[in-house]
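Work through the exercises below with the model open beside you. Try each task before reading its solution.

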Amino acid sequence: MKETVLDKVPRILREKLDRTKNYVAAVSGGADSLAMADALQRCGFRFTVCHVEHGIRGRESLEDARYVEAFCRKMGIAFCCKAVDAQKLRENEKMSLEDAARRLRYQALFQCAEETGADFILTAHQKDDQAETFLLRLLRGSGTRGLGAIRFQHDAVLRPLLSLTAAELRQYCTDRGIVWREDSSNEDLHYMRNRIRRVLLPMLEDNFSSSVTDVLCRTAEHLQVDGDYLEELAEEEFKRRWMRPAVAQNGVLLADNWEIIPKALRFRVLRRFWNDSGAPEELSGANLEDLEQLIVNRSGGKKILLPGSWQALYSYDKLILFSEDNARTLKQDDGWSCAVDLTGLSVGLSDGGSTGIEEIPFPDHRVAQISVIKERPAYQYRTQMAYPLARLKCLGNTLVFRYRKPGDRILPLKGTGHKTLKKYLIECRVPVEDRNRLVVAAAGNEIVWIPGLANARWEEQNGSSEVPAREQGWLFINIK
C-alpha cells in the first residue's frame, strides 16, 4: 500500500529527530512550517513554536504572527513571538533586506532556544528550497562548499524536511484541514530567489527535465560529500599552521610555503582560521581572495580591513587577525624596548650544557628565543645570532631590544670597519619608511644584531675571544 503524506511526514520526523530532545520550531505561517509543527505535535515531540516578525510587510506581517499564535493555542503548542527590525539593520550594515532578515531571524531563534532550554532549532526547508538555493549560489559564483546548498544540520539548526517537496507539504496541510498563510513578498520578482522559483525553475522543467528539482538536489548532495572530505583535509592543514596568539592578537596562522597547499584547500583553511579566531561574521569570496593575496605577495606590514572592522596583517610568514578593539594596539610605540640582564647567564655551563630558553616578544609579532651555549654554535645568518658572552659584557651588562636611535653604529659581519647604522641601512637599501620599525639588539649604542637583516661581528681582544668564550659561553638567539 502506497504511503500517504499524512504518514510520510511524521515518519520522516521520527527518523530524523530524537524524542528525548527539546526543540524550537521556526514557524512563519506558511504551509511548510505549519505542516512541520502539526506533525511534531502528532509525534509527541517536545517543542516550542517561534514566530519571527521581521517588521517588513506591515499589517500583513502582524496578521501572520496572530495567525500562528492562534494556531498554536488551538493545538496546545507552546508559542513565542520575536519582533525584529530588518529594515534598520539593512540601512545600518549596508546589506540586502534578505540578508538582514535572515541574520535577525536566526538571532531570534537562538534567543528563544536559550530561553526555553531547547537543544536544537528546526526549520521547514524542503526539497524545492534546496534546488532554489543551489541555483542561487551557482548564479553567484559559489564554489563547492556553497553549491552543497542546504545541509540537514548546521551547528544547532536541523532541517528534517529536505526530502519532501513543497507540493507534498501543501497536500499534508490540505488533508489535515490546515489553512496556511501566503507571503505576498514571495510574488515579488525583485528578489532573485523569487525569480528562480517563479521563472527559472519552471523554464527548466518545461524545456529540459520535469525532474530538474530532484537532479539539482542530488547534485547538491554529491557536492556535500566532496565538500566534507575537503573540509577534513583543510582541518588537518589548519591545525598544522595554527599558532597561539599573543595578548593583543585574535589569531595567528603560519603562512610559509603557502604554495604547497592544494588550491582546493586554501580558502577552506583561511575560513577555518577566521572562524576559530572568534570572528562574528562570515567572509565573502572577495575577502578570502584579499587574504590569500596578502600571503602570496608577502605584503609585510600591510593591513587589510575585513567584516566586523577586523584587520588582517601579514608579518614574517605569519597571517595575524585582530578584532576592532585589538587593532587599536597596532599603532607603534616608538618607546618600546625590552632589556635582558647578561649577568649570571653563564651559570650552569660547567657541565657542558646550556641555560634555559628565555623568550622576548617583538612588536612585529616575532619572538626571540635566548639561551647561553657552552660551545660555539653554528647559526643561520640574519635569523640567528651567536656572540661570545664575555665580549658582549665588555659592551655592557644589558642587551636591549629596541628601535634604532641617533648615534647607533654597527660592525657588520659582512663588511669592513664600523658604520653608522643609518649609513648601513642605506647601503642595505632598506626603505626609509621601514627603518624606524626595525628591531635591533643593542649594547649601548653598539648594534650587535638586526634580527632578520644582518649580524654583527665582535672586535677581538688579546688576539682571540675563544678563551673567555669557553669560560662564559655563547649567547645564542633564534627568531621564530
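Contact means heavy atoms within 4.5 Å. Helices (H or I, at least four residues) and strands (E, at least two) are DSSP runs, numbered from the N terminus. The model is predicted: local features need pLDDT of at least 70, side-chain atom pairs count only at pLDDT 80 or more, and totals for chains, interfaces and linings use all residues. Residues are numbered from 1 along each chain as its sequence is written, and side-chain values use heavy atoms, with hydrogens and water left out.

**Exercise 1. Describe how helix 2 packs on helix 3.**

Step 1. Two packed helices are described by the angle between their axes and the distance between the axes. Axes are lines fitted to C-alpha atoms, for helices over the stretch in contact; angles run from 0 to 180 degrees between N-to-C directions.

Step 2. Helix 2 (residues 31-43) and helix 3 (residues 59-75) pack at about 15°, with axes 12 Å apart. Helix 2 is therefore roughly parallel to helix 3. The classes are: under 35 degrees roughly parallel, over 145 roughly antiparallel, 65 to 115 roughly perpendicular, the rest oblique.

Step 3. List the residues. Leu34, Ala37, Asp38 and Gln41 of helix 2 meet Tyr67, Phe71 and Met75 of helix 3.

Step 4. Sort them by class. The contact of helix 2 with helix 3 has five nonpolar, one polar and one charged residues. Ala, Val, Leu, Ile, Met, Phe, Trp, Tyr, Cys and Pro count as nonpolar, Asp, Glu, Lys and Arg as charged, and the others, Gly among them, as polar.

**Exercise 2. Describe how helix 10 packs on helix 6 and on helix 11.**

Step 1. Helix 6 (residues 127-139) and helix 10 (residues 212-241) pack at about 70°, their axes 9 Å apart. The two are therefore roughly perpendicular to each other. The residues of this contact divide into seven nonpolar, four polar and three charged.

Step 2. Turn to helix 11 (residues 263-276). The axes of helix 10 and helix 11 come within 9 Å and cross at roughly 65°. The contact residues include Leu230, Leu233 and Phe238 of helix 10 and Leu265, Val269 and Phe273 of helix 11. By class, the contact of helix 10 with helix 11 has eight nonpolar, one polar and six charged residues.

**Exercise 3. In what order do the six strands of the open mixed sheet run?**

Step 1. The order is 3-2-1-4-6-5. Two strands pair if DSSP finds at least two bridges between them.

Step 2. Find the edges. Strand 3 (78-83) and strand 5 (153-154) each have a single partner strand, so one side of each has no neighbour in the sheet.

Step 3. Check one pair. Strand 1 (residues 22-26) and strand 2 (residues 46-53) are parallel over five bridges. Tyr23 stands opposite Phe47 in strand 2.

Step 4. Helix 5 (residues 97-116) lies across strands 1, 2, 3, 4 (120-122) and 6 (157-158), at about 145° to strand 2.

**Exercise 4. Is strand 11 buried or exposed?**

Step 1. Buried means under 20% relative accessible area, exposed over 50%, partly exposed in between (1.4 Å probe, protein chains only). Five of the five residues in strand 11 (residues 318-322) are buried.

Step 2. Strand 8 (residues 251-254) joins strand 11 antiparallel through four bridges. Strand 10 (residues 310-315) joins strand 11 antiparallel through five bridges.
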